[in-house]
Amino acid sequence: MRIDRLDLLTNDLAAQRKFYASELPLPILEASGAVLSLQAGRSLLTFRQAPEDWNGFYHFAFNIPEDQFQEAKEWLSRRVMPIKDAKGKDEFPSKEWNAHSVYFYDPAGNILEFIARHTLDEHLERPFGERNILSISEIGLVSDDVPGTVRRLQSEMNINTYSGPGSDTFTAVGDEHGLFIVVKRGRIWFPDTGKPAVLAPLGVEITSDMEARYKLSGPPYE
């Protein structure tokens, strides 16, 4: 599946605009006092100003070319501090997903990820930069009922679980191009962030493998 659009809240739109315009930096499509829309490869990323008392956050990931992970990590490290785990590691290979990841925060406390998926044959000849971000490839969906949420995604969007059946606290749904990372509320986000997953409003538009388009908003998702 493809994540075409991701719509999130933020408690400081000005700080988000400064970060995404200067540190990543993604092309700005719209910027106002209430909305910031950015082009992230084939995906559209939009932040909207949240109420003053809102303090939620999200996890989402960007696909990058599978052969540019080290170059991307070096590029990113000149701009932000990668998140380290308890052992001090800041890059994370996955045998199950055949991928390498690096994580970082934006000013709103969102947990972002660059992931190089070696199963995807997407290569770019130019040196790594913001134009080499391919798409938004993951969004975390926080739920009190992970199996129920997974069943809804499967039945309503005709998408399957990814890399195994998952569990009552974590299941990935979709494919290498786009994944819902369904986690139980309170589960600590990887890698050793100490941040428990919280319910947070979001909107997602996807295109399935059958070229059908779907919209999801919530929570709740179950």
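Reply: Start with two phenylalanines: F60 and F62 are both buried. This is a predicted model. The ring centres of F60 and F62 are 5.7 Å apart and the planes stand at 80°, so this pair is edge-to-face. The cut-off for that label is an angle over 60 degrees. The two rings also belong to a wider group. One aromatic cluster is formed by F60, F62, W75, F104, F114 and F128. Across the structure there are 13 aromatic pairs.

Another of these pairs joins Y103 and F190. Its geometry is edge-to-face too, with 5.6 Å from centre to centre and 70° between the planes. Y103 belongs to strand 7, whereas F190 sits in the loop between strand 11 (178–184) and strand 12 (202–207), so the contact ties together parts that lie 87 residues apart in sequence. Y103 has a relative accessible area of 8%, under the 20% limit, so Y103 counts as buried. F190 has 46% relative accessibility, so F190 is classed as partly exposed.

The largest pocket holds about 430 Å³ of space. Its lining has 18 residues, and the closest to the centre are W97, Y103, E113, F170 and F190. Both rings of the Y103 and F190 pair are therefore among the residues closest to the pocket centre. Strand 6 (92–94), strand 7 (99–105) and strand 8 (111–117) are the elements that each give two or more residues to the lining. Strand 7 supplies the largest share, with four residues. By class, the lining contains ten nonpolar, four polar and four charged residues.

E113 leads on to a histidine. The side chains of E113 and H59 are joined by a polar contact of 3.4 Å. H59 is found in strand 5 (residues 59–64). With a relative accessible area of 5%, H59 is buried. The H59 side chain also reaches the backbone oxygen of I111, at 2.9 Å.

The charged end of K195 sits over the ring of F57, 4.1 Å from the ring centre.

Definitions and conventions. Residues numbered from 1 in each chain as written. Heavy atoms only, no water. 1 Å grid on protein atoms, 1.4 Å probe; cavity = no way out; pocket = protein on both sides within 12 Å on 5 of 7 lines; lining within 4 Å. Points joined across faces, edges and corners; volume = space filled by probe spheres on them. Nonpolar A, V, L, I, M, F, W, Y, C, P; charged D, E, K, R; others polar. Phe/Tyr/Trp six-rings, centres within 6.5 Å; stacked < 30°, edge-to-face > 60°. Buried < 20%, exposed > 50% of the residue type's maximum accessible area, 1.4 Å probe, protein only. Lys NZ or Arg CZ within 6 Å of the ring centre and 35° of its normal. Polar contact = N/O pair within 3.5 Å; in protein donor to acceptor, adjacent residues only side chain to side chain.
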